[in-house]
Amino acid sequence: MGHSAAVWDYRAATEITKDWNGIDQILLRTPRGSSARVSLHGAQVTSWRNEHGEELLFTSSKAIFKAPNAIRGGIPMCFPRLESHESLVLQRNLNVGAKLNEKSLPSLPGNDSSGKSFIDLVLKSSEEDMKCWPTTSFEFRLRVFLATDGDLTLISRVRNINGKPFSFSFAYHTYLLVSDISEIRIEGLETLDYLDNLFKKERFTEQGDAITFESEVDRVYLSSPNIIAVLDHEKKRTFVIRKEGLPDVAVWNPWEKKSKSMVDFGDEEYKQMLCVDGSVIEKPVSLKPGEEWTGRLQLSIVPSSFCSDRLGLDRSGL
């Protein structure tokens with residue numbers, strides 16, 4: 001995200017704090033004990049905990065929480081350009097200011113904010129953004145919503161406020177905390193075509209009945225269903241990812257060699273993380289003047305005893 005003016009509003013159980021570098025962060029809480037933290041450094045979710053206080057998102061022990069560095073972990077948002085995995089840090093390297101907004105965003109369909117915990121951010125392109133993307137002028141609205149059952153939802157809206165068409169790519173770069181990457185499987189992406197960034201974006205078709213991990217993976221699965229499941233065998237739980245307006249899914253784990261080359265990532269930490277990103281990559285969004293795009297991501301945790309049929313992994317969508 002750019003160095004832009006951000007406006008936030010809050011409801012229900014929220015608390016404004018500062019991290020150890022003095023950057024404001026918002027703590028969202030539910031009566032059952034679930035929580036989420038949103039840093040105003042990049043408008044980034046940095047923590048999501050269940051009702052037992054267990055962290056569900058990975059953050060590297062070597063992550064740098066000081067601007068202008070990126071935070072390696074949580075859910076950074078990648079926008080408006082996304083050419084390769086390494087370029088994902090581009091929009092995380094810039095800071096975001098904030099001030100109180102007296103009015104909330106209108107309630108979104110199917111999401112009653114009454115009694116829930118949420119934060120709204122409004123970001124507008126700045127002069128600095130215009131230097132990087134001279135034909136770009138946009139308004140970006142983000143709602144981070146923590147439901148009473150602990151589900152975490154991010155809803156992004158991008159409006160073209162320029163007099164010219166505006167195209168962009170987008171990703172919720174979601175770092176999931178897992179017990180052991182070799183015991184993880186992803187269901188819902190089988191038989192799909194994908195672009196493999198390890199082979200110069202060559203196009204392949206997924207052959208397995210699920211995705212498992214034995215080496216570095218850096219892929220973009222195309223035209224994906226709206227529900228994906230990430231099964232953690234050791235913890236006997238499943239991350240359920242529901243999405244709208246995000247046709248692609250990027251899957252990334254750096255494995256051993258690349259981990260050692262990243263200064264903000266521990267040599268062995270690849271074993272405890274997996275990025276599964278709801279995204280728009282293959283075919284960028286194109287907005288005419290005044291048009292708006294919405295992308296929604298919802299994260300849930302369920303026992304792995306829930307079978308694929310109950311999760312709706314039949315490509316029927318949400």
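Is tryptophan 252 buried or exposed? Tryptophan 252 is buried, with a relative accessible area of 2%, where buried means under 20% relative accessible area, exposed over 50% and partly exposed in between, for a 1.4 Å probe and protein chains only.

The views show a predicted model, in which local features need pLDDT of at least 70, side-chain atom pairs count only at pLDDT 80 or more, and totals for chains, interfaces and linings use all residues. Residues are numbered from 1 along each chain as its sequence is written, and side-chain values use heavy atoms, with hydrogens and water left out.

**View A. The edge-to-face pair of tyrosine 175 and tryptophan 252.** The rings of these two residues stand 6.4 Å apart, centre to centre, with 90° between their planes; rings of Phe, Tyr and Trp (its six-membered ring) pair if their centres lie within 6.5 Å, and planes under 30 degrees apart count as stacked, over 60 as edge-to-face and the rest as tilted. Because tyrosine 175 lies in strand 12 (residues 175-177) and tryptophan 252 in strand 19 (residues 248-253), the pair ties together parts that are 77 residues apart in sequence. Strands (E, at least two residues) are DSSP runs, numbered from the N terminus. Tyrosine 175 is buried as well, at a relative accessible area of 0%.

**View B. A cluster of aromatic rings and a cis peptide bond.** Over the whole structure, a search finds 18 aromatic pairs, and ring pairs link Phe79, Phe138, Phe140, Phe166, Phe168, Phe170, Tyr172 and Trp293 into a cluster. From phenylalanine 79 to proline 80 the peptide bond is cis, with omega near 5°, and proline 80 belongs to the loop between strand 6 (77-78) and strand 7 (97-100).

**View C. Arginine 143 over the face of phenylalanine 118.** Arginine 143 is placed 4.3 Å from the ring centre of phenylalanine 118; a charge sits over a ring if NZ of Lys or CZ of Arg is within 6 Å of the ring centre and within 35 degrees of the ring normal.

**View D. Leucine 152 in the largest nonpolar core.** This core has 64 residues, of which Leu152, Ile186, Phe213 and Leu274 touch the most other members, and strand 20 (residues 273-287) gives the most to it, with 7 residues. A nonpolar core is a set of buried Ala, Val, Leu, Ile, Met, Phe, Trp, Tyr and Cys residues joined through side-chain atoms within 4.5 Å. Leaving aside neighbours within four places in sequence, the contacts of leucine 152 (heavy atoms within 4.5 Å) include Ala36, Val45, Trp48, Ile75, Leu297 and Leu299. A second, separate core of 5 residues includes Val220, Leu222, Ala250 and Ile281.

**View E. Cysteine 78 and cysteine 275, without a disulfide.** The structure holds 0 disulfides, a disulfide being a pair of cysteine sulfur atoms within 2.5 Å. For cysteine 78 the nearest cysteine sulfur, that of cysteine 275, is 9.2 Å away, which is too far for a bond. Cysteine 78 is buried at a relative accessible area of 0%, and cysteine 275 counts as buried at 0% relative accessibility.

**View F. Positive phi at serine 223 and lysine 236.** Most residues other than glycine have a negative phi. Serine 223, with phi near 50°, lies in the loop between strand 16 (217-221) and strand 17 (227-232) and counts as exposed at 58% relative accessibility. Lysine 236, with phi near 55°, is in the loop between strand 17 and strand 18 (237-244) and is exposed, with a relative accessible area of 62%.

Methods: Helices (H or I, at least four residues) and strands (E, at least two) are DSSP runs, numbered from the N terminus.
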